[in-house]
Amino acid sequence: MLRISKLTDYATLILAHLAAAPERRLTAGQISAETGLAAPTVSKLLKQLHRSGLVQSTRGLHGGYLLARPAGEITAVHILDALEGPVALTECAGSASQCSLEQTCLVGRAWQRVSRAIRRSLQEITLLELAGLSAHGGPPSTLDRGFPLSSSAGAAAASATPQTLKQEPYES
């Protein structure tokens with residue numbers, strides 16, 4: 001089964017939260033409090049998102065995090081590449097293939113084609129869409145506790161108490 005990790009799901013929730021108020025600089029603590037995600041998880045993901053160029057950070061009294069570019073320019077493939085690495089269904093579909101059977105394999109080309117189709121589809125989905133925001137920067141279409149629900153992490157946050165979510169350890 002194809003499935004993104006819980007951390008990628010949480011990172012998407014963080015990005016969606018930043019997209020909902022693009023002019024507002026938020027600290028990791030604020031994001032944690034407003035999304036219900038554990039503070040260590042938020043900090044870890046913000047560092048990873050910063051390294052990948054999806055968010056920018058400012059230190060100091062009025063510091064915090066903002067999206068590095070408009071939400072309409074960040075796609076699902078950018079998020080997945082940042083958290084999971086390049087999308088590839090099989091070893092031979094990746095850019096640095098290490099498969100010893102690649103030259104004689106009968107199915108590799110078909111899987112490569114499927115991987116390219118999935119990647120193209122992911123490139124068409126923007127953070128605006130993931131966050132439930134209109135292309136014109138309008139309000140989120142689905143709000144709960146003040147943040148957009150873009151994923152199963154959002155649904156979990158809506159149905160669980162902050163204390164439950166904050167006690168959940170993050171995967172590394």
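Contact here means heavy atoms within 4.5 Å. Keep that cut-off at hand for the exercises below, which work through a predicted model.

**Exercise 1. Describe the overall build of the protein chain.**

Solution. Start with the elements: the chain holds eight helices and four strands. Next, read their order from the N terminus, which is α-α-α-β-β-α-α-α-β-β-α-α. Then turn to contacts with a separation of 6 or more: 63% of them link residues 24 or more positions apart. Finally, look at burial and surface. Of the 172 residues, 38% are buried, and the accessible surface comes to about 9900 Å², with 54% of it belonging to carbon and sulfur atoms.

**Exercise 2. Work out how β1 and β2 are joined.**

Solution. First locate the strands: β1 covers residues 55-58 and β2 covers residues 64-67. They run antiparallel, and four bridges join them.

**Exercise 3. Find the largest nonpolar core and trace what surrounds Leu127.**

Solution. Begin with the size: the largest nonpolar core has 30 residues, and Ile14, Leu15, Leu49, Leu67 and Leu127 have the most contacts inside it. Then ask where the core residues come from. At least two are supplied by each of α1 (6-20), α2 (28-35), α3 (39-51), β2, α4 (76-84) and α6 (127-130). The most come from α1, which gives nine. Last, select Leu127 and skip its neighbours within four places in sequence: its contacts include Thr12, Leu15, Ala16 and Ala19, as well as Leu67, Ala71, Ile74 and Ile79.

**Exercise 4. Decide which residues of α4 are buried and what they pack against.**

Solution. List the buried residues of α4 first: Ala76, Val77, Ile79, Leu80, Ala82 and Leu83. Next, find their packing partners, which are α1, α3, α5 and α6. To finish, step just past the helix, where Gly85 takes a positive phi of about 95°.

**Exercise 5. Is Val114 buried, partly exposed or exposed, and which patch does Val114 belong to?**

Solution. Now apply the cut-offs, where buried means under 20% relative accessible area and exposed means over 50%. Val114 has a relative accessible area of 35%, so Val114 is partly exposed. Together with Leu106, Val107 and Trp111, Val114 forms a nonpolar patch on the surface, with about 430 Å² of accessible area for the four residues together.

How values were computed:
Residues numbered from 1 in each chain as written. Predicted model: local features only at pLDDT ≥ 70, side-chain atom pairs only at ≥ 80, totals over all residues. Heavy atoms only, no water. Pairing = 2+ DSSP bridges. Patch = residues over 30% accessible without salt bridge, like charges linked within 9 Å, V, L, I, M, F, W, Y side chains within 5 Å. Areas by Shrake-Rupley, 256 points an atom, 1.4 Å probe, with all protein chains shown as cover. Salt bridge = Lys/Arg side-chain N within 4 Å of Asp/Glu carboxyl O. Buried < 20%, exposed > 50% of the residue type's maximum accessible area, 1.4 Å probe, protein only. Core = buried A, V, L, I, M, F, W, Y, C linked by side-chain atoms within 4.5 Å.
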